[in-house]
Amino acid sequence: MKITCSKQQLTEAVSNVQRAVSTKSSIPALEGILLKAHGQEVTLCGYDLELGMTTTIEASVEEPGNLVLSARLFGDIVRRLPGEQVCIASDEKNITAITCGLSEFSIVGIPAEEYPEIPSITGETTIDLPHSMLKSMIRQTIFAVADTDAKPIHTGTLFELGGGTLRLVSVDGYRLAIREEPVQANEEASFVVPGKTLNEVTKLLSDSEEETLSLVVGRRHILFKIGNYTVISRLLEGEFLDYKAAIPAASSTEVLVNTRSFIESVERVSLLITDRLKSPVRCLFEDNEIKLSCSTSMGRANDQFEAQITGSNVEIGFNNRYLLDALRNAEGDEVKVQLNGPLSPMKVLPREGNAFLFLVLPVRLKSDS
């Protein structure tokens, strides 16, 4: 193989594709990036048996061929090269020369035949979405994806497509996040995408409403086509929580609150909470005021601010981090908070409409004695 390409394009491609490469694998080739040179382009591919990412850049191909190079070493070399054009040439023993300006490296490659084949998808469902829409939907639900593998299905986000609506749902046992948007699609589908995949996808998405990406959903895999990048991921299997049953139907207290005021107040009383000293944030909703307090062995904090409260007074406790996550991911200057007594989950909604819904489970408060 012998190619010449732009250092800038190669650096960007390697930096992105490298994120899908396995850091530790029993198959050495999986710790590398697969390069395929043909025609007037070179395709780069990273794959860790669950997530695969490929992209293509323009190149002057003198000798076509395939090769695997250590992702870590290749990435470090490419980022530090001094010139604008990079030449990569390998011999039949996969010894690869990388030259750029006056710098030259010679590194050992791995035969491309040792690289596992990336699954192909027979697209059963295809959806086109604006970049900005999917990016916003993922951002507002990814925080509630489970970290632990107690129920592996909950380490991903449920995508539900039907009735001209796309809904994303994440849940981790302590909170739940739902975000929905109208889409131009007649298909119906339901599948769970790993949180790790969605994190990588958002890094490739722009904030543009003009640019669109395609989702191709197969039986076991999903493909994201984003610009000149393709991300393929396995889907998670299992029984996802019946989230509709978890949402309280009624509420006895409704609060209209300034989002920033609520966040800053929770942050202030949380100053006494550390990883070692955990304590719930106590929230008292009464007389158009929200009074927050927290006490640990370091001391006690009280804070309060105004809000528009209708319905019965309620005193309820929350894990400060879960409460902050819900408020920080709410879009809009004001949010609507619905409560149904001290033991029922709190609902956080937009002031108007139902674009998102966050549920935060309360923490049982010890009565002050």
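I looked up strand β3 (residues 41-47) and found it joined to strand β4 (residues 51-58) by 7 bridges, the two running antiparallel. Strands here are DSSP runs of E, at least two residues, and helices are runs of H or I, at least four residues, numbered from the N terminus. Two strands count as paired if DSSP finds at least two bridges between them.

This is a predicted model, in which local features need pLDDT of at least 70 and side-chain atom pairs count only at pLDDT 80 or more, while totals for chains, interfaces and linings use all residues. Residues are numbered from 1 along each chain as its sequence is written, and side-chain values use heavy atoms, with hydrogens and water left out.

I checked the partner of Val-42 in β4, and it is Ile-57. The β3-β4 hairpin has 3 residues between the strands, and Leu-49 in this hairpin takes a positive phi near 75°. β4 also pairs with strand β17 (residues 229-234), antiparallel, over 5 bridges; there Met-53 is bridged to Val-231.

Next I looked at Ser-132, which sits in helix α3 (residues 131-139). Ser-132 has a relative accessible area of 19%, and buried means under 20% (exposed is over 50%, partly exposed in between; 1.4 Å probe, protein chains only). Its C-alpha is 5.3 Å from that of Glu-209, 77 residues away along the chain. Not counting residues up to four places away in sequence, Ser-132 touches Ser-206, Asp-207, Ser-208 and Glu-209; contact means heavy atoms within 4.5 Å.

Last, I noted that Phe-224 contacts residues including Leu-134, Tyr-229 and Val-231, leaving aside neighbours within four places in sequence.
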